[in-house]
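Dear colleague,

I am passing on the structure below, and I would ask you to open it before reading the notes that follow. Please keep in mind that this is a predicted model.

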Amino acid sequence: MAKSSTAAQHQSDVYQPDKSIVENAHVKDYDTLYKRSVADREGFWADEASNLEWYKKWDRVLDDDNKPFYKWFTGGKINIIHNAIDRHLQTQRRNKLALIWEGEPGDVRTFSYHALNREVSKFANVLKSMGVRKGEIVTIYMPQIPELAIAMLACAKIGAAHSVVYGGFSVEALAERIQDAQSRVLVTADGGWRRGKITDLKGIANEAMGRSATIEVCITVQRTGQEVYMENDRDFWYHDLMGLPIASAKCTTEEMDAEDMLFILYTSGTTGRPKGVLHTHGGYSVYTSTTHKYVFDIKDEDRWWCAADPGWITGHSYIVYGPLINGATIMMYEGAPNHPYPNRWWQMIEKYGITILYTSPTAIRGLMRFGDQWPKRHDLSTLRLLGSVGEPINPEAWRWYHEVIGEGRCPIMDTWWQTETGGFMITPLPITPLKPGSATKPFFGNEVAVVDDDGKEVAAGEEGKLVLKAPWPGMARTIFGDSDRYVEVYWKDYEKQGWYKAGDSARIDEDGYVWIIGRIDDVIKVSGYRLGTAEVESALVSHPDVSEAATIALPHEVKGNAIYAYVILRAGVSGSPDLEETLRKHVGHEIGPIARPESVTFVETLPKTRSGKIMRRVLKARAQGVDEGDLSTLEE
């Protein structure tokens with residue numbers, strides 16, 4: 001990618017896409033297609049929906065009779081599995097690799113589309129034999145192994161919904177989610193591998209089932225071979241069931257209504273119990289496959305690696321469903337990025353010929369810590385695109401990812417979206433000129449704005465609250481069992497305008513590029529000035545000794561708030577009072593004296609969700625000695 005810049009915006013160096021990328025892209029002219037997609041939103045989405053196979057075509061593209069409970073492709077009959085697996089079996093893709101999986105200890109398994117269909121059909125029949133019916137919710141609590149994706153796909157095939165609970169959650173978090181979903185069946189594993197150690201998933205599942213009166217059946221995959229407690233008449237081994245005659249490799253895919261529930265996925269708020277966000281078969285199929293295809297310019301020969309976990313929306317949309325609908329080859333890895341050494345990822349890219357890597361800024365910064373020599377030992381020349389997800393990426397990490405991992409050739413698709421949106425909302429395309437740290441422009445059909453507290457759009461470059469002005473097919477339909485909360489959390493603030501409140505602060509520059517600053521809770525007001533935690537953290541990370549940083553505001557009698565910083569140093573660097581003062585001055589130099597932290601604390605780890613977001617409210621609660629609230633999404 002060629003770089004151009006203007007002196008006026010040091011933060012906005014512009015990276016132009018190479019001509020060869022533009023010439024081969026699915027979309028060659030963003031502006032024209034974008035204008036069309038918002039002028040005729042329903043026509044645009046009808047065209048995209050026509051790329052999928054429907055048992056029966058829809059009567060209406062968008063049903064907005066009961067706002068904000070929008071429906072898409074009403075009257076249409078579809079099943080996501082028909083598009084993700086069944087239709088590929090009638091083409092040459094039948095024998096194409098659907099999934100390459102590597103376990104942390106180094107074991108490898110691969111599945112063609114034909115083989116994946118066999119496993120999914122067999123497990124779908126197992127679930128049916130356990131009495132699982134259309135519309136019920138099966139809870140899945142597993143490590144990142146192929147059976148996790150197989151279980152999700154098997155549920156969808158027979159019309160059951162799945163609720164995937166990340167395989168690192170505590171007893172309480174699992175029990176709470178089982179209870180909310182009223183699940184009768186739980187699918188788990190004896191354990192998984194993480195940094196050379198076994199996670200005791202079955203032990204946690206047993207305790208959670210003890211608290212959950214609804215569970216009647218637990219199916220356990222044998223992953224680690226450790227001894228686990230199995231209760232008679234409740235617990236069954238996955239491999240035993242898959243070897244029985246009930247596990248036939250023939251299973252008819254259930255015909256579903258476009259608006260039938262596909263899955264619920266729990267996302268935790270800053271307060272209160274987790275919210276079960278509900279997605280459906282029709283709109284979600286269309287939205288995930290369209291966004292995946294255009295943003296990552298998916299070609300038949302691609303080997304796609306989304307290094308998230310299927311337990312999060314990123315994994316649902318861009319490990320399992322979107323890539324399979326597009327007939328891609330998916331890479332999946334069980335363990336930690338730096339185990340046993342910091343070159344684990346780079347080794348796998350070289351070994352499997354990965355063409356696209358999609359990961360989080362947290363992972364990028366974590367690997368950047370170990371320096372350039374680890375990736376430089378490997379041939380990364382198969383990579384053609386990179387992606388980022390989960391939080392705003394600081395320009396320093398963006399440049400390292402672009403120059404060291406992408407060797408200056410690979411555009412970075414810095415995507416902004418949420419569990420609730422189902423897919424990318426603001427994102428570049430491979431043809432988009434890039435500014436490090438900006439999510440760039442809205443995806444087709446989406447209109448976004450940055451507004452003040454009264455809902456008035458702010459001027460270019462000013463910070464405000466991000467809103468989405470129009471519905472989109474991948475949107476969550478409600479919060480499971482709590483439609484009032486759905487309205488309250490997402491729609492109430494801009495009810496008159498009919499806008500969705502994203503809960504993030506942002507600004508839009510004079511070129512129309514969107515810069516996500518962070519959660520609205522992550523904005524600090526010092527002496528009347530609003531500073532995004534991301535801005536201060538970026539300034540800290542731009543210092544050569546700093547690997548990661550988190551900042552919070554604590555009350556200050558003069559300034560209203562003062563900034564407190566928590567910093568992880570690069571390998572081999574030790575904290576000292578001198579370094580603390582150096583970093584305070586460095587932030588003052590980078591942003592201005594107003595942003596200088598009151599104190600800098602050196603730490604080994606930061607509290608993060610398992611999707612890589614720093615939980616600043618936990619740092620704040622600890623600093624103030626108050627209750628830390630819901631910690632179910634905390635990584636450690």
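In this predicted model, helix α13 (residues 361-368) and helix α15 (residues 395-405) have axes that come within 10 Å and cross at roughly 70 degrees. Angles of 65 to 115 degrees count as roughly perpendicular, and α13 and α15 are therefore roughly perpendicular to each other. Where they meet, α13 contributes Ile364, Arg365, Leu367 and Met368, while α15 contributes Glu396, Ala397, Trp400 and Tyr401; of these contact residues, 6 are nonpolar, none is polar and 2 are charged.

Turning to the strands, you will find an open sheet of 7 strands with mixed pairing, in the order β7-β6-β19-β18-β20-β21-β22. Its edges are β7 (108-112) and β22 (412-414), each of which pairs on one side only, and the twist from one strand to the next averages 15 degrees. Within the sheet, β20 (residues 356-359) and β21 (residues 385-388) run parallel and are joined by 4 bridges, with Leu357 having Leu386 in β21 as its bridge partner. Helix α5 (residues 113-129) packs on this sheet, where it touches β6 (97-102) and β7, and its direction makes about 95 degrees with that of β7.

Finally, the largest nonpolar core has 135 residues, and those with the most contacts inside it are Phe73, Phe123, Ile140, Phe296 and Tyr321. Helix α6 (residues 146-157) gives the most to this core, with 9 residues, and apart from this core lies another, of 31 residues, which includes Trp345, Ile349, Tyr352 and Tyr401.

With best wishes

Definitions and conventions
Residues are numbered from 1 along each chain as its sequence is written. This is a predicted model: local features need pLDDT of at least 70, side-chain atom pairs count only at pLDDT 80 or more; totals for chains, interfaces and linings use all residues. Side-chain values use heavy atoms; hydrogens and water are left out. A nonpolar core is a set of buried Ala, Val, Leu, Ile, Met, Phe, Trp, Tyr and Cys residues joined through side-chain atoms within 4.5 Å. Buried means under 20% relative accessible area, exposed over 50%, partly exposed in between (1.4 Å probe, protein chains only). Helices (H or I, at least four residues) and strands (E, at least two) are DSSP runs, numbered from the N terminus. Axes are lines fitted to C-alpha atoms, for helices over the stretch in contact, and angles run from 0 to 180 degrees between N-to-C directions. Angles under 35 degrees count as roughly parallel, over 145 as roughly antiparallel, 65 to 115 as roughly perpendicular and the rest as oblique. Contact means heavy atoms within 4.5 Å. Ala, Val, Leu, Ile, Met, Phe, Trp, Tyr, Cys and Pro count as nonpolar, Asp, Glu, Lys and Arg as charged, and the others, Gly among them, as polar. Two strands pair if DSSP finds at least two bridges between them.
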